[in-house]
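Subject: Structure handover

Hello,

Here is the structure, with notes on what was found in it. Please open it first and keep it beside you while you read.

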Amino acid sequence: MLSRVADSLYWMSRYIERADGILRMLKINYASSQDDLHEFSWTPVLRIFTYLDEKQANAIARDSRTVLQYMVTDRENPNSVMNMVTHARENARSVQDHITKELWQCLNDFYHTIRENHLVRALQREDPITVLDVLIKQGLLYYGTTDITMARGEGYAFMNIGKLLERGMQSVDILDIKFGDLQYDFTKTDTMYWKYLLLSISGYELYLKTYRSGFEARNVVEQIVLNNDFPRSIVYSITHMHRYFVRLKSEGNTEGFRKIDFMVGKVESKVMFSSVEEIMEEGLHAYLTGVKEELYEVANALNAYYFAYS
Amino acid sequence: MQASELLNSYYVDADTWDEMYVNELVREQYRGVVDFMGQLSVEELNRKEEMARGLFMSQGITFTVYSSGEGIEKIFPFDIIPRIITAGEWGYIEKGIKQRLKALNLFLKDVYNDQFILQDGIIPVEMIYSCPHYLREMHGFPVPHDIYVHIAGIDLIRNNDGTFYILEDNLRTPSGVSYMLENREITKRIFPDLLPKNNVRTVTEYPNILHKNLVSLSPRQIPNPTIVLLTPGIYNSAYFEHTTLARLMGVELVEGRDLVVDNHRVYMKTTSGLQQVDVIYRRVDDDFLDPLVFNPNSMLGVAGIMSAYRKGNVAIVNAIGNGVADDKAIYTYVPQMIKYYLNEEPLLKNVPTYQLSNPEEREFVFKNMHKMVIKKTNESGGYGMLMGHAASEEEMSRYRVEIIKDPRQYIAQPTISLSSSPCYMNGRLQPRRIDLRPYALSGPDGIQIVPGGLTRVALKEGSLVVNSSQGGGSKDTWVLAV
């Protein structure tokens, strides 16, 4: 596979994963803002998914419609859903012969949908959840179409590596910022706070089934970092990324493969063989920062050994 | 209003061959379509038009216009009413194009090797050496199987008595074939069952024939040679076509930056190292192909690719330097080529063409400029054209001054009235002028022409310019089996 093609597939997948993460986060936070008119602030969401500095974020943090507009349709925001989808489609456009026609059409429809004027207006004036649902559904179509139509070859492996790496990094960021917001105080048992956090990453039902004792910070950490059955957990993202990575083993590029295999294996073991108690002992922030740094190193190594083409 | 009434309000321009109507009657080949449309209401037709537009959009069959920083997606206008060619007409066209291509290919071989045709005085030597597309780099180089023109898109038009004329030979990187394929797919959706009922021949084989031909050109005799399609990239207006063809043939779509030349071999950069490339179907012009040999500023090409080509380590399709054969001034000599190389009479006629480097012909053209079309010999896409019947005195005198400066750069042709075909526009049937571009593929087994082609439409009322860059659209083109 051409290095340029692998690079584009990887990024197409990362951008869509990010768009999906943002949309889910916005939907649940908007709902939460309706419950909690006085206390609610968008600051954590803005810190996870935008490059705004503290002052800029605080300036809009209590204005839901402005935040939605900025994060969904604003072209000036490099991480807006609009820009993510546009970048994903641009990447897809240049590798159309490596994705199925169905997948290309799906991304293309996503792109045309988010550019519709009435959607932009509705986001400002009508029920934003309806709009976010329309967009989330476009993302779901993308995942389903990928699963059903894409051949299980090298390209598919790169797409999944991108998706899972992005997801792992997102989960690290979400956890770190949400706990940072509470000054890493594990004694806080604010039901609403944890409930909305879990809802925003589709982990609420699983939490209820796993833990019968109500919402506790310790259990939230356990689920988001260590639960193998939770598809957005850090351990799930890394072990599955590793699973796709080993499929790249081939005659050529043995040096790159060995190095990255080692790096992924190392961070995988680190997470897999942690316990909540050990994490708390080390300090959640320090632990998450460590994991994140290792994930960034993996991304850089992929770039150097697989995608470098200029 | 019923669509049948819509047909009644159709009119035919005076002194024009209409593809559907003759003496107020529907031609035999159009009856099936006319009957079908007669059963539809205008609302249904509008819905079909809307559906066609939606299908083009959602499949990304678009080109992007960049203005004020934001890309706007546009589709090439598509008219829902097909253009229909009878089996008899097609048989003649097919034979005529094969004959012409055979001669053009022999001409390219000759002009880059022995140059008998120049020595025998059939074509003046100055004509060749003054052509910017004649490339000395190709001299004396034996191309595989002696094939230069692997893919040709020959433009045909029809004058008022229905005779087909050759308007242009496109022998470099003719485009538009994806529209032949996609327009057909759209027709299947908007007119269900109509194709089999009318015995329309299929065009789907095109990518398979092309792929087979490309494989047969591989310099390495290996079971699975590496074939690539070289594109200038996503900003090229034909990018959609490049991806479509790569996908339909299952070959790698590459950009110049994906390729590298080492020891006169071409490689592509892959995730598992360098992989040798055997055949390149390039959609990059000669001038941009190799910065070491041609335009040194080109970012689209591959440094050293010419040396790999000349060593015979890679096949390039179409051959380099073909521009000398589809130059508009050389065009005048194609009938003589056919006689010279094949000893046959040309089946498809040329449009009469005046060489402006010839003083007598130039004088004649200057006197009759309002009846002429003036074209630059090395431009295409409808650029650098003067339509005498629509031009102002000022424009004409400006052209006269330019022509006298460098007469070799211009030719003139009498204005030919293109045939018209009904188009569905704004809820009405209206006649619009059309041309035809069939695609011919040459391989070691001979020349094959897929029954169909691209019918381009001049969408402006009364316009005779069909180029997409000049506001043209297209139609699905049916060739009937019986």
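Chain A has 16 helices and 0 strands. Helices (H or I, at least four residues) and strands (E, at least two) are DSSP runs, numbered from the N terminus. The radius of gyration of chain A is 19 Å, close to the 19 Å that the globule rule gives for 310 residues, so chain A is as compact as a globular protein of that length. That radius is taken over C-alpha atoms, and the globule rule is 2.2 Å times the number of residues to the power 0.38. Along the principal axes, the C-alpha atoms of chain A fill a box of roughly 60 × 50 × 35 Å.

A word on the ground rules. This is a predicted model: local features need pLDDT of at least 70, side-chain atom pairs count only at pLDDT 80 or more, and totals for chains, interfaces and linings use all residues. Residues are numbered from 1 along each chain as its sequence is written, while chains are lettered from A and ligands numbered from 1 in the order in which they are written.

Domains of chain A

Chain A splits into domain 1 (1-150) and domain 2 (152-310). The bounds come from an automatic or database domain assignment. The C-alpha centres of these two domains of chain A lie 21 Å apart. In chain A, 26 residues of domain 1 are in contact with 26 residues of domain 2. Contact means that the C-beta atoms of two residues, placed from the backbone, lie within 7 Å. On the domain 1 side, helix 1 and helix 2 (43-49) of chain A each give two or more residues. Helix 1 of chain A gives the most to that side, with 18 residues. By class, that side of domain 1 of chain A has 10 nonpolar, 7 polar and 9 charged residues. Ala, Val, Leu, Ile, Met, Phe, Trp, Tyr, Cys and Pro count as nonpolar, Asp, Glu, Lys and Arg as charged, and the others, Gly among them, as polar.

Helix 1 of chain A

Helix 1 (residues 3-35) of chain A packs with helix 10 (residues 191-200) of chain A at an angle of about 150 degrees, with the axes 8 Å apart. Axes are lines fitted to C-alpha atoms, for helices over the stretch in contact, and angles run from 0 to 180 degrees between N-to-C directions. This makes helix 1 of chain A roughly antiparallel (over 145 degrees) to helix 10 of chain A. Helix 1 of chain A contributes Arg24(A), Met25(A), Ile28(A), Asn29(A), Ser32(A) and Asp35(A) to the contact, and helix 10 of chain A contributes Met192(A), Tyr196(A), Leu199(A) and Ser200(A). That contact has 5 nonpolar, 3 polar and 2 charged residues.

Helix 1 of chain A also packs with helix 4 (residues 64-72) of chain A, at about 175 degrees and with the axes 11 Å apart. That pair is roughly antiparallel too. Here Ile22(A), Leu26(A), Tyr30(A) and Ser33(A) of helix 1 of chain A meet Ser64(A), Leu68(A) and Met71(A) of helix 4 of chain A. The residues of this contact divide into 5 nonpolar, 2 polar and no charged.

Chain B

Chain B has domain 1 (90-168 + 202-342) and domain 2 (352-414). Their C-alpha centres are 29 Å apart. The contact takes 8 residues from domain 1 of chain B and 7 residues from domain 2 of chain B.

Between the chains, 19 residues of chain B are in contact with 22 residues of chain A. The chain B side divides into 6 nonpolar, 8 polar and 5 charged residues.

Best wishes

Methods
Angles under 35 degrees count as roughly parallel, over 145 as roughly antiparallel, 65 to 115 as roughly perpendicular and the rest as oblique.
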